Amino acid sequence: MTDPLIIAGTTFSSRLIVGTARYPNQQVMLDCLEASGAELVTASIRRISLEGYAESLVDVLGGRYRLLPNTAGCVTARDAILTAELAREALETNWVKLELIGDRELLYPDVEQLVHAADELVRKGFTVLPYCNEDPVSCQKLADVGCAAVMPLGSLIGSGMGIANPAAIELICSRSTVPVVLDAGIGTASDAALAMELGCDAVMVDTAIAQSHEPRRMAAAMRAAVEAGRLARLAGRIPKRRFAEPSSPQLGLVGS
Amino acid sequence: MQLRVNGVTEDVAATTVSELLAARGVDPAARFVAVAVNGSIVRRSEWSSKPLEADDDVEIVRPFSGG
């Protein structure tokens with residue numbers, strides 16, 4: 001495998017992580033996951049409804065994907081930690097995407113609670129991938145307490161606004177001692193490509209695929225974008241110049 | 001006795017987690033289900049043995065779609 005993504009000692013050939021929410025229906029979701037080439041997909045942990053136990057998401061995914069449970073919706077460290085523990089029991093995985101929200105409208109992380117919960121979960125043996133602010137200091141704190149990666153937001157969850165602060169993402173990538181997964185706010189393929197060009201190790205996408213006009217096509221686009229962005233990053237771009245540099249030779253011009 | 005199950009207080013006949021699951025139409029042998037009582041995980045191996053007590057706060061969860 002060339003250029004694999006490695007998180008907590010686990011190797012992935014795909015650098016695109018995809019969510020399982022907000023698709024028009026289950027078949028579209030399955031088709032999108034396939035078209036995306038993703039190997040790691042996210043799931044939430046929710047109370048079983050009063051109607052009982054219907055066919056579960058896990059059954060539908062048929063063991064083809066590695067599931068990364070999240071603590072979406074949690075606003076306290078206590079709830080996030082319990083949700084992570086329930087996820088570990090339900091899915092028999094130590095991996096958790098830690099989400100701890102400080103504002104229900106913005107879904108921005110609560111950094112203080114997030115670092116505290118991450119610290120405790122790492123001590124309990126979890127492999128923690130925190131959804132976090134696009135801020136080098138927060139990312140460093142999360143890495144310092146033992147997170148296996150950091151997942152800075154590009155812009156608000158589900159907003160499709162793309163990468164609001166590319167300079168910050170690039171700084172995080174240049175300093176991070178753990179893999180960086182751009183998570184949240186991706187709107188279209190070019191956003192995903194940019195994330196990879198800025199140095200991200202992977203990109204997480206859900207709404208941009210699930211709610212696009214043709215989700216299967218967008219899933220394929222995201223796959224191509226992540227691959228293209230990664231190749232461009234490895235290739236080493238030309239610098240941005242303030243003035244023109246002609247590409248055709250200056251000598252032998254007709255009429256000169 | 002009265003228990004709080006998934007946020008709702010109700011009267012239940014069940015005295016163990018297994019009985020509670022069965023009463024809610026969940027096969028206790030089903031995979032991908034997790035239970036916590038009063039904020040602590042109850043492992044599958046204890047579902048039939050650990051007794052539930054009045055006013056216990058029970059969470060029964062499963063994986064669901066999510067981003």
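Colleague: Which residue is the bridge partner of A:C132 in strand 8 of chain A?

Modeller: In this predicted model, A:C132 has A:P152 as its bridge partner in strand 8 of chain A.

Colleague: How do you know that strand 7 and strand 8 of chain A pair?

Modeller: Pairing takes at least two bridges between two strands. Strand 7 of chain A, residues 127–132, has two bridges with strand 8 of chain A, in the parallel sense. The two strands therefore count as a pair.

Colleague: What makes strand 6 and strand 8 of chain A edges?

Modeller: The open sheet in chain A has three strands in the order 6-7-8, with parallel pairing. Strand 6 (95–98) and strand 8 (151–152) each have a single partner strand, so each has one side without a neighbour in the sheet.

Colleague: Why is A:I169 called buried?

Modeller: The cut-off for buried is 20 or more other C-beta atoms within 10 Å. A:I169 has 23 other C-beta atoms within 10 Å, so this residue is buried. A:I169 belongs to helix 6 of chain A.

Colleague: Which residues does A:I169 touch, not counting residues up to four places away in sequence?

Modeller: Among them are A:E134, A:P152, A:L182 and A:C200. A:P152 is also the bridge partner of A:C132. As for A:V180, its C-alpha is 9.0 Å from that of A:I169, and the two residues are 11 apart in sequence.

Colleague: What makes the buried residues of helix 6 of chain A line one face of the helix?

Modeller: The buried residues of this helix, which covers 166–175, are A:I169, A:I172 and A:C173. Seen down the helix axis, they fall within an arc of 95°, so they line one face. A:A167, A:S174 and A:R175 are exposed on the other side of helix 6 of chain A.

Colleague: What covers the buried residues of helix 6 of chain A?

Modeller: The cover includes helix 5 (136–144), strand 8, strand 9 (181–183) and helix 7 (189–197) of chain A.

Colleague: Which residues of the largest nonpolar core touch the most other members?

Modeller: They are A:L98, A:V181, A:A192, A:C200, A:V203 and A:M222, in a core of 94 residues. Helix 3 of chain A, residues 77–91, gives the largest share of this core, nine residues. A:C200 touches A:I169, A:C173, A:V180, A:V181, A:L182 and A:A195, leaving out residues up to four places away in sequence. In soluble globular proteins, nonpolar side chains tend to be buried together.

Colleague: Is A:A184 buried or exposed?

Modeller: A:A184 has 26 C-beta neighbours inside 10 Å, so this residue counts as buried. A:A184 lies in the loop between strand 9 and helix 7 of chain A.

Colleague: What is the phi of A:A184?

Modeller: Phi of A:A184 is near 105°, a positive value in a residue other than glycine. A:R22 has a positive phi too, near 70°. Most residues other than glycine have a negative phi.

Colleague: Where does strand 5 of chain B find its antiparallel partner in chain A?

Modeller: Strand 4 of chain A, residues 40–47, pairs with strand 5 of chain B over five bridges in the antiparallel sense. A:S44 stands opposite B:F64 in strand 5 of chain B.

Colleague: How many bridges join strand 3 of chain B to strand 5 of chain B?

Modeller: Four bridges join these strands, which run antiparallel, and strand 3 covers residues 34–37. B:A34 stands opposite B:V61 in strand 5 of chain B. Strand 1 of chain B, residues 2–5, pairs with strand 5 of chain B in the parallel sense over two bridges. B:V5 stands opposite B:V58.

Colleague: How many residues of strand 5 of chain B are buried?

Modeller: Seven of the nine residues of this strand (57–65) are buried, and the strand is mostly covered.

Colleague: What makes chain A as compact as a globular protein of that length?

Modeller: Chain A has nine helices and 10 strands. The radius of gyration of chain A is 20 Å, close to the 18 Å that the globule rule gives for 256 residues, so chain A is as compact as a globular protein of that length. Of the 256 residues, 47% count as buried.

Methods
Residues are numbered from 1 along each chain as its sequence is written. Chains are lettered from A and ligands numbered from 1 in the order in which they are written. This is a predicted model: local features need pLDDT of at least 70, side-chain atom pairs count only at pLDDT 80 or more; totals for chains, interfaces and linings use all residues. A residue is buried if 20 or more other C-beta atoms lie within 10 Å of its own, exposed if 12 or fewer, and partly exposed in between; C-beta atoms are placed from the backbone. The arc is that of the directions from the helix axis to the C-beta atoms. Two residues are in contact if their C-beta atoms, placed from the backbone, lie within 7 Å. A nonpolar core is a set of buried Ala, Val, Leu, Ile, Met, Phe, Trp, Tyr and Cys residues joined through C-beta atoms within 7 Å. The radius of gyration is taken over C-alpha atoms; the globule rule is 2.2 Å times the number of residues to the power 0.38.
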